[in-house]
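Dear colleague,

Please find below the structure that I am handing over to you. My notes on what was found in it follow directly after.

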Amino acid sequence: NEKFADAAHMLQRVIDANPPDDLLSKALDLAVYANVNLGRLELAVQLANRAVEIQPNSSRSWDILSGVYSIEKQWAKSLEAALRAIQLNPDEPNPYFNLGRAYLHTKQIQDAQHSYQKGVNNAKASHQVQIISDAVAELTQDMTDYPELKADIEPIIAFLKSNMNADWDVM
């Protein structure tokens with residue numbers, strides 16, 4: 001926690017120095033992660049929103065905003081931010097996993113399954129197997145936190161796990 005606090009403090013100094021927009025956006029993105037890890041979710045949302053205001057065409061910033069909204073369980077906002085990230089960079093896998101999770105929590109199960117499928121395909125194409133493992137971990141926790149979604153989550157986890165060790169040819 002101390003390292004995150006130090007990082008958040010240093011990043012805030014960078015942000016306060018008002019560097020060029022591309023550097024400011026990166027500092028804001030990193031500050032979001034540090035503040036999430038410190039449990040400062042309200043500040044993380046503010047920083048993530050500021051990043052997308054500064055760099056509205058940054059798919060990474062929109063994806064980070066989507067992730068923060070999912071931590072806050074603001075599923076509709078997470079969904080909107082993930083869709084914007086996908087619009088900006090349809091080849092990046094992570095926004096599809098955020099989108100799938102938001103769809104799942106808004107009871108749009110077929111859309112969730114499709115989003116996870118697209119995320120897996122993109123992860124395979126870019127050789128990012130860790131992101132699939134991360135999605136399994138999130139959904140496994142969701143089964144505990146949201147037992148009413150267990151029946152919808154289990155087949156998605158099975159699909160994801162079957163792709164973690166599968167041949168890495170794109171489906």
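A residue is called buried when its relative accessible area is under 20%, exposed when it is over 50%, and partly exposed in between, with a 1.4 Å probe and protein chains only. By that definition Ser78 is buried, with a relative accessible area of 0%.

Please note that this is a predicted model, in which local features need pLDDT of at least 70 and side-chain atom pairs count only at pLDDT 80 or more, while totals for chains, interfaces and linings use all residues. Residues are numbered from 1 along each chain as its sequence is written, and side-chain values use heavy atoms, with hydrogens and water left out.

Confidence

The pLDDT is the predictor's confidence in each residue, from 0 to 100. For the chain its mean is 92, and 96% of the residues reach 70 or more. Helices (H or I, at least four residues) and strands (E, at least two) are DSSP runs, numbered from the N terminus.

The nonpolar cores

A nonpolar core is here a set of buried Ala, Val, Leu, Ile, Met, Phe, Trp, Tyr and Cys residues joined through side-chain atoms within 4.5 Å. The largest one has 26 residues, and those touching the most other members are Phe97, Leu104, Tyr116, Ile132, Leu139, Ile156 and Leu160. At least two residues of this core come from each of helix H5 (75-88), helix H6 (94-105), helix H7 (109-125), helix H8 (129-145) and helix H9 (150-164). H6 gives the most to this core, namely six residues. A second, separate core has 20 residues, including Leu24, Ala27, Ala44 and Tyr69. As general background, nonpolar side chains tend to be buried together in soluble globular proteins.

Selected buried residues

Contact is taken to mean heavy atoms within 4.5 Å.

Ile156 is placed in helix H9 and counts as buried at 3% relative accessibility. With neighbours within four places in sequence left aside, Ile156 is in contact with Leu104, Ala112, Gln113, Tyr116 and Leu139. The C-alpha atoms of Ile156 and Gln117 are 9.0 Å apart in space, although the two residues are 39 residues apart in sequence.

Tyr96 belongs to helix H6 and is buried, with a relative accessible area of 8%. By C-alpha atoms, Tyr96 and Gly39 are separated by 25 Å and lie 57 residues apart along the chain.

Ser78, already mentioned, is found in helix H5. Not counting residues up to four places away in sequence, Ser78 touches Ser66, Tyr69, Ser70, Asn98 and Ala102.

Leu28 sits in helix H2 and counts as buried at 0% relative accessibility. Its contacts, leaving aside neighbours within four places in sequence, are Ile15, Leu47, Arg50, Ala51 and Ile54. For Leu28 and Ile54, 26 residues apart along the chain, the C-alpha atoms are separated by 9.8 Å.

The largest pocket

Grid points are joined across faces, edges and corners, and a volume is the space filled by probe spheres set on the points.

The largest pocket holds about 410 Å³ of space. Its lining consists of 18 residues, and Tyr33, Gly67, Asn94, Asn98 and Glu138 lie nearest the centre. Helix H2 (21-37), helix H4 (59-71), H6 and H8 each supply at least two residues of this lining, and the largest share, seven residues, comes from H4. By type, the lining divides into nine nonpolar, five polar and four charged residues. Here Ala, Val, Leu, Ile, Met, Phe, Trp, Tyr, Cys and Pro count as nonpolar, Asp, Glu, Lys and Arg as charged, and the others, Gly among them, as polar.

Backbone angles in two loops

Lys107, in the loop between H6 and H7, has a positive phi of about 60 degrees although it is not a glycine. His127 lies in the loop between H7 and H8, and its phi, near 55 degrees, is likewise a positive value in a residue other than glycine. His127 is exposed, with a relative accessible area of 62%.

With kind regards

Conventions: On a 1 Å grid over the protein atoms alone, a cavity is a set of points where a 1.4 Å probe fits but cannot get out, and a pocket is an open set with protein on both sides within 12 Å along at least five of seven lines; lining residues have an atom within 4 Å of a point.
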